[in-house]
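Hi,

Here is the structure I promised to pass on. Have a look at it first, and then read my notes below.

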Amino acid sequence: MIQNISEDGAMLKMVGTSGQLSLGKKYAGRYFEVTEREDGAIVMVPMRVVPESEAWLHTPEMRERLLEAARWMKEHPPAETDIEAFLGDIDARRQVKDQT
């Protein structure tokens, strides 16, 4: 097989007699969208396949919600809880509720 790699990363490959093209182990197991243009050029775009049951995670609405959550987490870093103060607040709220 003929393979030359230029400085810009372009590869010269020859299609084998079975019609297959080897891109190398770097691309093993990956999916590509393959499009043939009018001029005969073949364009391969790396793709990721998402199970339909997880597709809702990849919607623009969910992306915005996740970005919003990330912003909130950045503004509100985790802190240790004072458990005694927390339990005291619960008792105080119960007493107020019981009085109403």
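**Salt bridges first**

D39 is exposed, with a relative accessible area of 58%. Keep in mind as you read that this is a predicted model. The side chain of D39 meets that of R37 in a salt bridge, with 3.3 Å from N to O. R37 itself is partly exposed, at 45% relative accessibility.

How many salt bridges does the structure hold? The count is two. The other pairing to look up is R71 with E64, whose side chains meet at 3.1 Å, again N to O. R71 is partly exposed, with a relative accessible area of 44%, and E64 is also partly exposed, with 41%. As a bit of background, side chains of opposite charge can pair when their charged atoms come close.

**The pocket**

Next, find the largest pocket, which holds about 170 Å³ of space. Its lining is made up of M11, L12, K13, V15, L21, L23, Y27, F32 and M44. Which element gives the most to that lining? That would be β2, with three residues. Sorted by class, the lining has eight nonpolar residues, one charged residue and no polar ones.

K13 deserves a click of its own. This lysine is one of the residues that line the largest pocket, and K13 is found in strand β2, which covers residues 11–13. Is K13 buried or exposed? K13 counts as buried because its relative accessibility is 18%, and the cut-off for buried is under 20%. A polar atom of the K13 side chain lies 3.0 Å from the backbone oxygen of S22.

**A loop residue**

Then there is R30, which sits in the loop between β2 and β3, the latter being residues 31–36. R30 is partly exposed, with a relative accessible area of 43%.

Helix α1 runs over residues 60–75, which makes 16 residues. From its first C-alpha to its last, α1 reaches 23 Å, close to the 22 Å expected at 1.5 Å a residue.

Helix α2 takes in residues 83–99, 17 residues in total. Why does the length of α2 agree with what a helix should span? At 1.5 Å a residue, α2 should span 24 Å, and its end C-alpha atoms are 25 Å apart, so the two agree. The N-terminal end of α2 is capped by D82. To see the cap, look for a side-chain oxygen of D82 that lies 3.2 Å from the backbone nitrogen of E84.

That's what I have for now.

Cheers

Key:
Residues numbered from 1 in each chain as written. Predicted model: local features only at pLDDT ≥ 70, side-chain atom pairs only at ≥ 80, totals over all residues. Heavy atoms only, no water. Helix = DSSP H or I, 4+ residues; strand = E, 2+ residues; numbered from the N terminus. Buried < 20%, exposed > 50% of the residue type's maximum accessible area, 1.4 Å probe, protein only. Polar contact = N/O pair within 3.5 Å; in protein donor to acceptor, adjacent residues only side chain to side chain. Salt bridge = Lys/Arg side-chain N within 4 Å of Asp/Glu carboxyl O. 1 Å grid on protein atoms, 1.4 Å probe; cavity = no way out; pocket = protein on both sides within 12 Å on 5 of 7 lines; lining within 4 Å. Points joined across faces, edges and corners; volume = space filled by probe spheres on them. Nonpolar A, V, L, I, M, F, W, Y, C, P; charged D, E, K, R; others polar. Expected span 1.5 Å × (residues − 1).
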